[in-house]
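Subject: A structure to look at

Hi,

Here is the structure I promised to pass on. Have a look at it first, and then read my notes below.

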Amino acid sequence: MSIDFIPLDFKTIIEAKSCSIKIISAFSDLNIEIEEGKVDLNQKKIKGEIKSISANTTDYIYKLYFEAWKQKVEQIGAMNYPKEVSELGMFGSLRLTVVIDSEGMIKKLDINKSSGYKELDEAAINIVKLGEPYARFPSKILKEVDLISISRKWKFTEQNNFYSQ
């Protein structure tokens, strides 16, 4: 296989040890991050106004949205606790971020901090995907933002329980 065209000076990247490359195609935008030997090809660019919400959110309408999302995820997690995880005696915690659009659809889903077990990380991702679609944004939220970002710590316990913090 030969490469006829290399658009970047890769020697410069190696010397700098990090860079960001944006590729725009007819199909999607893709950001590539290169940091000290780590390449992430799954950084899909998200367009629109994003609001991060959490258990500490004080704005009532966003707090309600967060609580509804959390309740749904925990209910799905309890009903779909992965059998292989409990059979292998795996437990641990991870940090996950999900970005949801106004229709309640997942636009981005990332593990920010792995549990150290591929099975637990995949189980958390699967649980979030099973919950789709989430609630549509109420009119007040629609007027303010296009997307909501929720980052949570997830725990899979020795007692075969699942919850998010």
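Helix α2 has 20 residues, and at 1.5 Å a residue it should span 28 Å; its end C-alpha atoms are 29 Å apart, which agrees. The expected span here is 1.5 Å times one less than the number of residues. Helices (H or I, at least four residues) and strands (E, at least two) are DSSP runs, numbered from the N terminus.

Before going on, please note that this is a predicted model: local features need pLDDT of at least 70 and side-chain atom pairs count only at pLDDT 80 or more, while totals for chains, interfaces and linings use all residues. Residues are numbered from 1 along each chain as its sequence is written, and side-chain values use heavy atoms, with hydrogens and water left out.

Back to α2. Its buried residues are Ile61, Tyr62, Tyr65, Phe66, Trp69, Val73, Ile76 and Gly77. Buried means under 20% relative accessible area, exposed over 50%, and partly exposed in between (1.4 Å probe, protein chains only). Seen down the helix axis, the buried residues of α2 fall within an arc of 135 degrees, so they line one face; the arc is that of the directions from the axis to the C-beta atoms. On the other side of α2, Tyr60, Gln71, Gln75, Ala78 and Met79 are exposed.

The largest nonpolar core has 30 residues, and Val98, Ile148 and Trp154 touch the most other members. Such a core is a set of buried Ala, Val, Leu, Ile, Met, Phe, Trp, Tyr and Cys residues joined through side-chain atoms within 4.5 Å. Helix α2 gives the most to this core, with seven residues.

Now for the rings. Those of Phe, Tyr and Trp (its six-membered ring) pair if their centres lie within 6.5 Å; planes under 30 degrees apart count as stacked, over 60 as edge-to-face and the rest as tilted. The count comes to three aromatic pairs. In one of them, the rings of Trp69 and Tyr134 have centres 6.2 Å apart and planes at 45 degrees, so the pair is tilted. Trp69 is in α2 and Tyr134 in the loop between α4 and α5, 65 residues apart. Both Trp69 and Tyr134 are buried, and together with Phe66 they form one aromatic cluster.

Tyr134 also has Lys72 over its face, at 5.0 Å from the ring centre. A charge sits over a ring if NZ of Lys or CZ of Arg is within 6 Å of the ring centre and within 35 degrees of the ring normal.

Enjoy exploring!
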